[in-house]
Amino acid sequence: MEKDLCTVGQDYVEARLIESLSDLFLSLTLWKEGYTRNSAGKAFSAVRALLSALIVVNEDKLLNLAKDDKEKEWIKKKAHTVPTHSMYALAHMLKEIGIDILNLVNYALNLHDYQYNGFEPGFSRYSRKDDVLKDLLTVVMETKKTINTYFPKLEVKEISEKIDSLLAQFTKKV
């Protein structure tokens, strides 16, 4: 499923949500095939895409939180791109308007570190594959739950069912 991402509007939001769900599916599929670090990267990307959709939908509320004109301009022009270094701050802003995804963003950032650093001491929070999988499954379930909560009219039954089917396979093992 492809959507035009040149303009930031409702089609953009829908495309980012479809991207998020697709990345969740790919994340589980990659893990199942043994590509754990790639899987972690896809889970991270799913959260970034979700954040982007939430930012676009709530831009006016976020603009009201901006501390100055420079931050307002950044929110208008760049926030929807969700730079990695800004994810935590954006999650805090969303929390201020009633959308609490701070824990989800923290899990995603941990998985992002794992994607690049594996189990390298001092660079990754993880030392066991089981812990990575638990966090990955948390990200998948929480991302899906957040999409269902804030975008209940989004019709993505097919990909959602595929994710649920894969999740069922994993939750039997964990």
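Setting aside neighbours within four places in sequence, serine 27 touches Ser39, Lys42, Ala43 and Leu136, where a contact means heavy atoms within 4.5 Å. Serine 27 belongs to helix α1; helices here are DSSP runs (H or I, at least four residues), numbered from the N terminus. With a relative accessible area of 0%, serine 27 is buried. Buried means under 20% relative accessible area, exposed means over 50%, and partly exposed lies in between (1.4 Å probe, protein chains only).

Before going further, a word on the model: it is predicted, so local features need pLDDT of at least 70 and side-chain atom pairs count only at pLDDT 80 or more, while totals for chains, interfaces and linings use all residues. Residues are numbered from 1 along each chain as its sequence is written, and side-chain values use heavy atoms, with hydrogens and water left out.

## Alanine 46 in helix α2

Next, look at helix α2, where alanine 46 is found. Alanine 46 has a relative accessible area of 0%, so this residue is buried. Apart from neighbours within four places in sequence, the contacts of alanine 46 are Ser20, Asp23, Leu24 and Thr143.

Tyrosine 12 makes a handy reference point for alanine 46: the two are 34 residues apart along the chain, and their C-alpha atoms are separated by 15 Å.

## The nonpolar core

How many residues does the largest nonpolar core have? There are 55, and Leu28 and Ile101 are those with the most contacts inside this core. A nonpolar core is a set of buried Ala, Val, Leu, Ile, Met, Phe, Trp, Tyr and Cys residues joined through side-chain atoms within 4.5 Å. At least two core residues come from each of α1 (10–32), α2 (36–57), α3 (59–65), α5 (87–96), α6 (102–117), α7 and α8 (157–173). Helix α2 contributes the most, with 11 residues.

Neighbours within four places in sequence aside, isoleucine 101 is in contact with Leu51, Leu54, Ala91, Leu94 and Thr146.

## The largest pocket

Isoleucine 101 turns up again in the lining of the largest pocket, together with Asp100, Leu102, Asn103, Leu104, Tyr107, Glu142, Lys145, Thr146, Thr149 and Tyr150. On a 1 Å grid over the protein atoms alone, a pocket is an open set of points where a 1.4 Å probe fits, with protein on both sides within 12 Å along at least five of seven lines; lining residues have an atom within 4 Å of a point. About 180 Å³ of space lies in this pocket, the volume being the space filled by probe spheres set on the points, which are joined across faces, edges and corners.

Helices α6 and α7 each provide at least two lining residues, and α7 has the largest share, with five. By class, the lining holds five nonpolar, three polar and three charged residues. In this scheme, Ala, Val, Leu, Ile, Met, Phe, Trp, Tyr, Cys and Pro are nonpolar, Asp, Glu, Lys and Arg are charged, and the others, Gly among them, are polar. Glutamate 142 is 48 residues from leucine 94 in sequence, and 16 Å from leucine 94 in space, C-alpha to C-alpha.

## Salt bridges

The whole structure has eight salt bridges, each a side-chain nitrogen of Lys or Arg within 4 Å of a carboxyl oxygen of Asp or Glu. One of them joins glutamate 19 and arginine 16 at 2.7 Å, N to O. These two partners lie in helix α1, three residues apart, about one turn of the helix. Glutamate 19 is partly exposed at 28%, whereas arginine 16 is buried at 12%.

Arginine 128 and aspartate 131 also form a salt bridge, again 2.7 Å from N to O. Arginine 128 is partly exposed at 42%, and aspartate 131 is partly exposed at 24%. In another bridge, glutamate 161 meets lysine 157 at 3.9 Å, N to O. Because glutamate 161 and lysine 157 are four residues apart in helix α8, about one helical turn separates them. Glutamate 161 is partly exposed at 44%, and lysine 157 is exposed at 64%.

## Valine 82 in a loop

Finally, visit the loop between α4 (69–77) and α5, where valine 82 lies. The phi angle of valine 82 is near 50 degrees, a positive value in a residue other than glycine. Valine 82 is buried, with a relative accessible area of 1%.
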